Every structure is written in structure tokens, then in C-alpha cells.
Amino acid sequence: MFSRVTDEPIEDLPTPETPALEEATTEARERHAELTELLDEARWRYHVLDAPTMSDGEFDALMRELVGLEEKFRGLRTPDSPSQQVGGPPSTTFAPITHLTPMQSLDNAFSEEELRHWGDRVTRDAGPDLAASGFLCELKIDGLAVDLVYEQGRLVRAATRGDGRVGEDITANIRTITTIPERITGPDGDAPDVLEVRGEVFLGIERFRELNESLVAQNKAPFANPRNAAAGSLRQKDPRVTATRPLAFIAHGLGLVSGLEIERLSEAYELLEGFGIPTTQHAKVVTDLNGVWEFVEWVAEHRHDYVHEIDGVVVKVDERRLQDLLGSTSRAPRWAIAFKYPPEEVTTKLLDIRVNVGRTGRVTPYAVMEPVVVAGSTVAMATLHNQHEVERKGVLIGDTVVLRKAGDVIPEILGPVADLRDGTERAFEMPTVCPDCGSPLAPEKEGEKDIRCPNQRSCPAQLRERLFHLASRQALDIEVLGERAADALLSAGLIVDEGDLFDLTEDDLARTEFFTRAARKAELDAGSGVRVLNANGLKLLANLAEARTRPFAKFLVALSIRHIGKGVAPDVAAAFPSIEALGSATQEELAAVEGIGPTIAESIREWFGTDWRREIVAKWQAAGCVLADEPADSGDALPQTLAGLSIVVTGTIPGYTRDSASEAIVARGGRAASSVSKKTDFVVVGDSAGSKADRAVALKRPILDADGFAVLLDQGPDAAAALAGIED
């Protein structure tokens, strides 16, 4: 949830001029009072109760509005204002501890302009020495800030941030985190007299999911997100409970240090690591603001590759002497700032849970919510996968829920805000019959979590979804065949199943309003009917004519054989280049092909073992569809220079779509693989490449850029290997 005050309150970003003192209007005073009450309540729930009811984005927006009022009407800014506070007051559950040095917050930047504004001020105030110091950039972990104090190498106490001066004594609970050492010594067996370490306690993403699942199984309310799970775990009265929670710790700063000389914060991290105290493995020292921004952009692209949640990047002046020179405000150091990424979590109301029947009959619950903007788009629905997932997350219809949309990832409900329940919420019950055809629902195999509609041929929902699927770009790319077109075909009874699709005629389409328009006078005079095909009807017939000659791999995707998507289909088509060859292959022959395996082999045999599915193939072939990759004329065939090679393409390659890049590889005998492994022969990395490029580096696989890809296609693997720096 929000960490806008505890971790980085908004203030002291420089402005060109300080506005003249202006008397606050009655309206401004009332709004300021309202904002103060909302923010104080939210901060109390977040920092003290570990039960937040407001999202990051909501808190940030309110805080920025408050700061805006105080910038315009300076008289509204008092020491009690939320903009002047650090965190929340310490809880009375634990004994108070006064920090050896104040545990300050960080100011925020939300844009490149604000970040550079801060950097320009620091550059001006620090002078020419800043170039030699540089900036230390690191991930901003979304956890709970804590303070550890070592005396003569022994951990003597630990505390939460609290209000920045006084925190809560959590020493007993901190001792349960196995990665935090009880004693520290240097290489020579010595230890500093006093070492005050600041860092973040957090719960990894997968550990958070496991914890929530166990809480729901015990009929306990789950945590809303990993940060609150970490805070709640660390504030357990019984340390034995904390010990059962898989908490982790990473140091990110120092307080008081006595008996040890440390010139740079980056050096301090190395020393702490030598003491056995965990430090970040993702920090980087850069020389200027351009380097800072490059780091910010790189982390944004890889934001979801880390084991823990992050919500930004922290930038610090590396040299401690310059840190002292730059000093601090009452709450935040001037030598550091947190760049915050747009929030990806919001709260909204879960209005209902309904089910969708997919093309293979799988019945999937999905959430219907009050529309909310998250990660730049409006979201009103989110998948819940299956009944087990609904139970695991512990959500009830009517809950306020935490919704996350990580970049382009499908929206996901993390969990409920249990403290906002009023008793009107109700549990979701999975239907026992198909909502579209009334067939009894059941798992296909014993022990499966998913339930399915067995009416695979005639269920309207399954047929509709199969039509959408075969019309997609990864299949036959029939542009006009969307939701409304499919409904029109089904409502008019023009198709019983997808086998009838390629038999559609102009007269058939003329029976539906979606594909027709009123005939003009000239058309009526020429003998046409009252209605003639419109652009949709003409386009559909043209699309179907083009689709009849798609590559065999495209037809394999279109057939909705379970587990065969665009990644696997080329492998299947390469091994069995016609529908006859595939239909007659044994399960053993199928499983022996690289990329297929026993599960896919079983799906293929099961599909061809069904009469009505074989009829689809027969109908398509009778309508002129070519379900085979016919051998090309010898003069036209491309040399099979990539035969036996596994090649992964990631990112954007100029001149290619993802599909056309894969087709270029397959046309030369290669395999267009979807994931990087030790068996991958080449990884082609284009613009905006993701984690596959990182994995290629980690596995030391040959990497090619766009030019290298052209060489691979035109000249073969030997020439490409030379570009990739590979020796025979």
C-alpha cells in the first residue's frame, strides 16, 4: 500500500520562487483540514495498525493536493501538518526506543524533470567535488524500514522507524530473521564500537502468496500485499509467530558509526556484506544525472524480475563528506531522493464474481469490479483462475480489494482489505452447471482443480471462444471475425461448429444484419435483393479466401488442440508437415519430438480420437483449406541453413513482427523457441527486450542484434557465430 510518508514524504522539491504569503480562503482551510484528517487516519492505519485502507496512488494524490495548498497558502503549513511528519507515532504495543540518530524519510520525484531539478540543486550546493563522488542508485524495496544497532559487534537492539526519533522495540522479532547476524566481525576479528544499520524488512512475492494461502486455510484474514504482511509479521507479540514467517532483510544505509572510517556509502555496503549483513546486489554508482536516469529506466523495464516488490529507485550522493555538507531538512536528507514509478496497486469494490467458459470447456471465475484506473488503463474485470484461487486469496463478493496491474500483465486481485468489511460480504459459490448450455460441470480428471463443461462441440460459449481463437493473429488472422461477427453467425444458425466456417457464402451472410446493408436503387434495378453485403460481409469472405492457404502451423493453432499454441505449433508442423501425418502418428512418435513431450502428445491423440473434430478437418479440406506444408519447388526453397538449431527472438526486430521472425527461422529449418535454455543456439535481442535477454547472458548463450539476425538468416550460423564472438 502507500509508503509516501514513512519512506518518502513529498516536500522540499525546489521551486523557482517562493510564493508570496497569501491569506488562506475559508474553502482552502476547510479542504486542508479535511485532507489532514484523511491523511492522518490513513497513516495511523498503515504504520500502527498494519491494516491500510487506502492505496499508494490515493495517498500520493491527497498528499500532493495538501502540499499544493500549503505552497499557495504558507500559513496552513504547521509542524503538525501531515507534510511535516515522518511516518506514524510508535505503537504502544512495544516499548519505545530512541534512535541514536534521526531515522529520516526521503523526498519523492515522480518525473524526470523533478529528478533533474533535485540533481541540479545538489550539483550546485555540493560544488565540483560531486563529479568525483557520483550518485549511488539502488532499488527501493517496498517493505518496513528498521534500525539495527550493533555494539562491539553484538546486536543489542532493533526498532521500527516510528516518528523518526522514537521507534518500537522489535529486537526479539528481528532475531528470528536468520539472515541478520547476531554478531559481526571484520577480517581481522575486530568490530566497530557502534554501528547503526538502516534497512528494509520484506517478504518475497512468492513467500507472500504462500503465507496468505496458509492464513486463509486457517480461516484467518489474509494480508493485502507483501509490505503489510512483512509489517504485520514483524509486530507479532510472540516472536515464535514471527519466526514462522519467511522474512528477509537488506541494508540500505547507516546511522551512527563509531570506531570505523567509511568514506563512501558504496564502500559501506561492501563492509556490511563482509560483516555478514545482507546488502543489495542491484546497486550502481554513476557519475552524473544522465547515468541516474538510465538506471531508472532500466529498472523500470525489469521491475518485475526481482524476488521482492519495488516501487522506485533511491538515488544518493555516494561520498559521506558531501552528504554531511548537503545536510537535511527536518525530515529528509538533501543528498538523497526516491524516484517513484507510477503506482500499480489500487483499491476498488468487488461487485461480483462470475464465470467464463473457455474454448476447451474450462470454467474460470472472474471478478467484476467498480472501474478503476491502474497502471494507465481502466480496469473493471480480473481473472480469478479457479475456485481454489478464490479461496486462497480469501476474497468475498462485496469486499474492497487490492488490485494490481504490473505493466502489461493481466490485472490481478492480491487480496481483500479485511478491515473494511461490514458484514454484508458473501462467499462465492462455483456453479454446478454450465451457465451457457446447462451441462453438469466436473473436473475432467480426478484431482484436477479446474472444472469443465463436457459439451465441447455444442456449448455456445466454447464455440464462440474457439471462433475468436482461430480468428486471432497467432492462428488464421481473420480480421472481421470478432465478438459481434461470431454472435451474428451463431444467432443466424449459419454454423454448427467451426467446420462450417469456410463454407459460408454471400447468400449465407445476406441473412444477417451484421454483414448486410440496405440495397441502393441502382443495385435494386440490377436485380439485387433488398439487402446486400456490407464492408463486414465482403471483408469476411476475402479473409476466409486468404486464410485457406495459411501455413500448416497456423492451422494447428486454429484447431484448439490443448497445449498447442504459436510457440509449439512450428515444432509439430516441422515434424509432421501435414494433417494426415499428424493424425496417424502414435503417441510415442509424437512424444519423441523435441518441444512436444508426453502431455502434448496425449492432447493430440485425444483430439484426433474425437469424431466431430475429425469432421472439422474434413470440412475445411473440402472447402479448399490446405492443411499441410507442401514442399516448395527446388528453385524457390530456402536453404536449410538453420536445421537443428534452436533460436529465440526477444524484443522488436526492425522489419519483422514476432510471427514473421519465427517464420523466417522455420523456413530455413530452424526451431523458433519461446524460452532460453542451455540448449538454445542463438538469442536474437531487439529493442525493448525483456528477461530473456538477461537469461541469455546468465546462461552465456550467443547473442545477436538485428544486424546479426540478418547475417544468421542470409549467411548461416558460422558467420553469425563469428559476430557473436564464438570460436569453433
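Two strands pair if DSSP finds at least two bridges between them. With that in hand, here are close-up views of a predicted model.

**Figure 1. Strand S3 meets strand S9 in a predicted model.** Strand S3 (residues 135-141) and S9 pair in the antiparallel sense, with 3 bridges between them.

Figure 2. Which order do the strands follow? Reading across this open sheet of 5 strands gives S2-S11-S10-S3-S9, and the pairing is mixed. S2 and strand S9 (284-286) are the edge strands, each pairing on one side only. Neighbouring strands are turned by 35° against each other on average, direction ignored. Another helix to look for is H3 (residues 112-126), which lies across S2, S3, S10 and S11. Helix H3 runs at about 170° to S11.

**Figure 3. Strand S11 and the strands on either side.** In the strand order of the sheet, S11 sits between S2 and S10. Strand S2 (residues 107-109) pairs with S11 in the parallel sense over 3 bridges, and asparagine 108 stands opposite alanine 338 of S11. Strand S10 (residues 310-317) pairs with S11 in the antiparallel sense, this time over 5 bridges. A handy residue pair for this second pairing is valine 315 with its bridge partner in S11, isoleucine 337.

Figure 4. Are the residues of S11 buried or exposed? In this strand (residues 336-340), 5 of the 5 residues are buried, so S11 is largely enclosed by the rest of the structure. In a regular strand the side chains alternate between the two faces of the sheet. In S11, Ala336, Ala338 and Lys340 point one way, while Ile337 and Phe339 point the other way. Residues of both groups are buried, the lysine included.

Figure 5. For helix H7 (residues 226-234), 9 of the 9 residues are buried, so the helix is largely enclosed by the rest of the structure. If you zoom in on the side chains, the buried residues include Arg227, Asn228 and Ser233. Pro226 and Leu234 are also among the buried residues of H7.

**Figure 6. Helices H13 and H14 cross.** Two packed helices are described by the angle between their axes and the distance between the axes. Here the axes of helix H13 (residues 460-471) and helix H14 (residues 483-491) come within 10 Å and cross at roughly 130°. That angle makes H13 oblique to H14. The crossing is right-handed. On the H13 side, the contact is made by Pro460, Leu463, Arg464, Leu467 and Phe468, and on the H14 side by Glu483, Ala486, Asp487 and Leu490.

**Figure 7. An antiparallel sheet, from S14 to S16.** This open sheet has 5 strands in the order S14-S13-S12-S15-S16, with antiparallel pairing. Its edge strands are strand S14 (377-383) and strand S16 (412-416), each pairing on one side only. The twist averages 45° from one strand to the next. At the S16 end, 4 bridges join strand S15 (residues 400-404) to S16. Follow valine 401 across and you reach its bridge partner in S16, proline 416.

**Figure 8. Two loop residues with positive phi.** Histidine 385 lies in the loop between S14 and helix H12 (387-393). Its phi is near 70°, a positive value in a residue other than glycine. How exposed is histidine 385? With a relative accessible area of 36%, histidine 385 is partly exposed. Lysine 700 is found in the loop between helix H25 (691-698) and strand S22 (703-704), and its phi is near 60°. Lysine 700 counts as exposed, at 72% relative accessibility.

**Figure 9. Stepping back to the whole chain.** The protein chain has 27 helices and 22 strands. Its C-alpha atoms fill a box of roughly 90 × 70 × 55 Å along the principal axes. Of the 728 residues, 51% are buried. Among contacts with a separation of 6 or more, 68% are between residues 24 or more positions apart.

Conventions:
Residues are numbered from 1 along each chain as its sequence is written. This is a predicted model: local features need pLDDT of at least 70, side-chain atom pairs count only at pLDDT 80 or more; totals for chains, interfaces and linings use all residues. Side-chain values use heavy atoms; hydrogens and water are left out. Axes are lines fitted to C-alpha atoms, for helices over the stretch in contact, and angles run from 0 to 180 degrees between N-to-C directions. Angles under 35 degrees count as roughly parallel, over 145 as roughly antiparallel, 65 to 115 as roughly perpendicular and the rest as oblique. A crossing is left-handed if the near helix is turned anticlockwise from the far one by less than a right angle, and right-handed if clockwise. Contact means heavy atoms within 4.5 Å. Buried means under 20% relative accessible area, exposed over 50%, partly exposed in between (1.4 Å probe, protein chains only).
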